[in-house]
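Please look over the structure below before reading my comments, which go through a few of its helices one at a time.

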Amino acid sequence: MVPISPPAASHADGSSDMAAVEKMKAARESLLHEIRKVIVGQTEVIDYLLIAMFSRGHCLLVGVPGLAKTLIISTLAKVLSLKFNRIQFTPDLMPSDITGTDIIQEDTQTGRRVFNFVKGPIFSNMLLADEINRTPPKTQAALLQAMQESQVTASGQTYPLEPPFFVLATQNPVEQEGTYPLPEAQLDRFMFMVKVGYPSREDERSIVKNTTSDIPTDPLPVLTASDILAVQRIVRKVPVSDHVVDYAVSLARATRPNEPGTPDFINNWLTWGAGPRAAQYLVLGAKARAITHGRLNVSTDDIQAMAKPVLRHRIITNFNADAEGVDTDAVIDKLLSTVQEPDANSYR
């Protein structure tokens with residue numbers, strides 16, 4: 001394992017901060033090495049998952065069946081030494097199946113019957129909500145408080161969730177019959193929406209060879225829960241220039257139709273744009289990306305790398321975009337080429 005320690009604020013030269021970042025870069029390489037024992041390719045998806053967790057964010061993975069979405073998450077839980085639970089979302093799933101329920105038990109000393117709360121699978125460090133759009137809105141809403149506040153309320157009592165806590169949900173974009181699309185309020189709770197695509201020919205060849213042979217593939221743990229909490233504290237302490245923050249804010253604001261300065265193609269293609277949480281996650285994701293690559297400086301390149309997973313589920317296309325075959329990723333690509341970085345003269 002590669003232990004991660006939070007930076008010491010007393011070092012004015014920043015040497016302690018840099019040492020922690022170097023350890024984080026080494027830990028990322030170790031994580032990828034162990035994960036690759038099981039998962040072939042999908043490096044970008046794994047990077048997004050790590051960035052979301054180090055930023056205290058949740059992640060929604062979208063892809064057709066058979067692309068190892070569930071396997072990626074369960075493997076990640078193993079290399080991070082986290083308590084992992086999986087819930088298969090179905091139309092008959094109830095909120096209490098997630099959060100837990102009160103059951104009647106007899107007190108052995110008094111003989112009286114009392115209600116005791118039995119914790120549900122949400123009481124874990126990493127929760128996989130498999131096919132989250134298969135369950136009704138009432139059950140989907142059971143995740144809202146946990147995702148936002150890291151606590152669960154049941155029968156009038158509030159129970160804290162042990163940190164770190166992440167919700168990693170999967171969704172099938174093809175078969176929509178009998179599904180319940182996630183409302184915008186819940187989609188906004190997810191830091192990233194990550195698209196899981198088909199592997200390359202070489203990766204698919206390796207997948208077929210590895211999975212049809214008797215090859216031991218047991219990944220070793222690299223980080224612990226305390227290491228992840230330390231990294232989360234480091235991410236919050238990474239300094240970001242006003243130039244980078246203003247660029248993130250400009251990107252988020254440029255997605256809002258009929259606002260002053262909004263590009264014409266946004267007014268033509270979008271019904272609704274991203275809220276302030278988008279800019280927050282752009283900056284947090286950029287900070288986490290920088291330290292996992294061994295840097296303490298956050299650049300606009302880091303912001304651009306976070307744009308698609310942060311924005312694609314926060315902007316809503318209209319009929320014009322659908323008629324022209326324009327999806328949210330195409331809108332974001334055009335946005336990145338249109339929105340300019342703030343002028344350096346503005347900071348003099």
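**Notes on selected helices**

1. Just after helix H6, Ser150 takes a positive phi of about 55°. The model is a predicted one, in which local features need pLDDT of at least 70 and side-chain atom pairs count only at pLDDT 80 or more, while totals for chains, interfaces and linings use all residues. Residues are numbered from 1 along each chain as its sequence is written, and side-chain values use heavy atoms, with hydrogens and water left out. Helices (H or I, at least four residues) and strands (E, at least two) are DSSP runs, numbered from the N terminus.

2. Helix H10 (residues 242-253) packs with helix H12 (residues 276-292) at an angle of about 140°, their axes being 9 Å apart. Axes are lines fitted to C-alpha atoms, for helices over the stretch in contact, and angles run from 0 to 180 degrees between N-to-C directions. This angle makes H10 oblique to H12, where oblique is what remains once angles under 35 degrees (roughly parallel), over 145 (roughly antiparallel) and 65 to 115 (roughly perpendicular) are set aside.

3. The axes of helix H13 (residues 300-311) and helix H15 (residues 328-338) come within 10 Å and cross at roughly 150°, which makes H13 roughly antiparallel to H15.
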